[in-house]
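I am opening my notebook on a new structure. I will look things up one at a time and write down what I find.

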Amino acid sequence: MIRHIHAITAIAVFLSFCPAAHRGLAEEARPALRIYAPADFLHAGLLEQFTAETGIPLAMSFASSGEDMLAELTQSNHGRYDLVLSSSSVLQQLIGYGRMAPLDRSALPSLGNLMPRFASGRKGGLLYAVPVCWSLLGITVNRSVVTPNYIDSWNFLWDGSYNGKLLLPADFRTSLGIALLSLGHSVNSSDAAQLAEAMGRLKELAARAAFFTSVDSREHFMNGSVQIGITFNQKWATENDSPYAFIMPQGKSVIITWLLAMPKTVERQQEAFTFVEFMLRPDIAARLSAETGYGTVNKNALKLLPEAVRSNPKIYPPEEVMDRIETEAALPERDMISLEIDWHRFIRFSGKAEAN
């Protein structure tokens, strides 16, 4: 599913993200920079600040899941965007399909702000993508129903005590990775036997799910639809005294790196570079982390974060936790195509709902 703030409504977009435009409609609006991103990623305040500082209006389109983004950008519509913000696993596939353009390093002098841990997306020595932030996968529970201390591994999800009250990610790659981890395999295993084993285990879990979500998981907990689920940490980063707890299970977990990249069909390249440089600024990186709960990739942003954010273990876990985390990567296409077909057929006939 894709939600658009259409570029063809350039004046409306210009007014929304450029206060200076209110001084008169006689001035010709600049063409909007078209960005395709996850639905809950960039807050309006950041977008407004970018346009206020640069005069560049923005037209945002939002993807419900990594699979939707991959489908959109490998089909005829891929030419409608100037920048794409997505997970590393999705971008690796897009780069492999030849959809993304290599970036000119000289246009990005702020690359030096990146932490070594979060190296830019490269292939064959070329720079294709620039990290912006990261998030972690874990288990969220309703404390009144599930005792957090009892959860010691991903295997707890298969307990069977919460049938019909379980929430899973709509993104197949993410869910498959958790099934792999629950079996003691790497989240990036391409072993055919391990993938088949994980697929069977995932179907077992999916049969117990209430539904699958691709955007904000909080509302489903708060309205009582679910009691336990796989979620991203930033969704619950500020829920300190709530009845809900975000838990990082023992053993391996998953980190998702989010990066900006340009399709080969980019039309506003200079404006796109301006936006990437904007996101690489320490003050902007710190604001993004503080407002959204995503972890920053910017080494100079950490000192600018409020102490409450910097010391929040839900956003910035201790090193011993980070050391046992794997970065999700794309699996070989030969493996994923058949698995995804099987998965979507299973979901379609299971009658499970996908909630946004």
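**Around helix α9**

I started just after α9, where glycine 293 takes a positive phi of about 90 degrees. The model is predicted, and I keep that in mind throughout. I then looked back along α9 itself, residues 282–292. Its buried residues are Ile284, Ala285, Ala286, Leu288, Ser289 and Thr292. What do the buried residues of α9 pack against? I found α2, β6, α8 (269–280), β12 (295–296) and α10 (307–310).

**The whole chain**

Next I stepped back. I counted 12 helices and 14 strands in the chain. The chain has 356 residues, and 55% of them count as buried. I also looked at contacts with a separation of 6 or more: residues 24 or more positions apart account for 75% of them.

I turned to β3, residues 58–63. How many of its residues are buried? I noted six of its six, so the strand is mostly covered, with buried meaning under 20% relative accessible area. I recalled that side chains in a regular strand alternate between the two faces of the sheet. In β3 both faces are covered. Leu58, Met60 and Phe62 are buried on one side, and Ala59, Ser61 and Ala63 on the other.

β3 pairs with β2 (residues 33–38) in the parallel sense, over six bridges. I traced the path between the two strands: the chain crosses from β2 through helix α2 (residues 44–54) to β3, and this β-α-β crossover is right-handed. I also looked up one bridge, and the partner of arginine 34 in β3 is alanine 59.

**The nonpolar cores**

I looked up the largest nonpolar core, which has 100 residues. Which residues have the most contacts inside it? They are Phe41, Leu157, Leu176, Phe275 and Met279. Strand β6 (residues 126–142) gives the most to this core, with nine residues.

I followed phenylalanine 275 further. Not counting residues up to four places away in sequence, it touches Leu33, Ile35, Leu42, Leu47, Phe50, Leu58, Leu83 and Leu260. A second, separate core has 16 residues, including Tyr81, Leu91, Tyr128 and Ala129.

**Helix α6**

I checked the length of α6, residues 192–206. Its 15 residues should span 21 Å at 1.5 Å a residue, and the end C-alpha atoms are 21 Å apart, which agrees. At the N-terminal end I found a cap: a side-chain oxygen of aspartate 191 lies 3.1 Å from the backbone nitrogen of alanine 193. The buried residues in α6 include Leu195, Ala198, Met199, Leu202 and Leu205. I recalled that an α-helix has 3.6 residues a turn, so residues three or four places apart point the same way.

**Two single residues**

I picked leucine 103, found in the loop between α4 (88–96) and β5 (121–123). Is leucine 103 buried or exposed? It is buried, because its relative accessible area is 10%. Leucine 103 and leucine 127 are 24 residues apart in sequence, yet their C-alpha atoms are 5.4 Å apart in space. Beyond neighbours within four places in sequence, leucine 103 is in contact with Leu108, Leu127, Tyr128, Ala129, Val130, Met262 and Phe273.

I finished with threonine 257, in strand β11 (residues 253–261). Threonine 257 is buried, with a relative accessible area of 8%. Leaving aside neighbours within four places in sequence, its contacts include Ser86, Phe118, Cys133, Trp134 and Thr327.

Terms used
Residues are numbered from 1 along each chain as its sequence is written. This is a predicted model: local features need pLDDT of at least 70, side-chain atom pairs count only at pLDDT 80 or more; totals for chains, interfaces and linings use all residues. Side-chain values use heavy atoms; hydrogens and water are left out. Helices (H or I, at least four residues) and strands (E, at least two) are DSSP runs, numbered from the N terminus. Buried means under 20% relative accessible area, exposed over 50%, partly exposed in between (1.4 Å probe, protein chains only). Contact means heavy atoms within 4.5 Å. The expected span of a helix is 1.5 Å times one less than its number of residues. A polar contact is a pair of N or O atoms within 3.5 Å; within protein, one must be able to donate a hydrogen and the other to accept it, and residues adjacent in sequence count only if both atoms are side-chain atoms. Two strands pair if DSSP finds at least two bridges between them. A crossover is right-handed if, with the strands pointing away from the viewer, the path from the first strand over the helix to the second runs clockwise. A nonpolar core is a set of buried Ala, Val, Leu, Ile, Met, Phe, Trp, Tyr and Cys residues joined through side-chain atoms within 4.5 Å.
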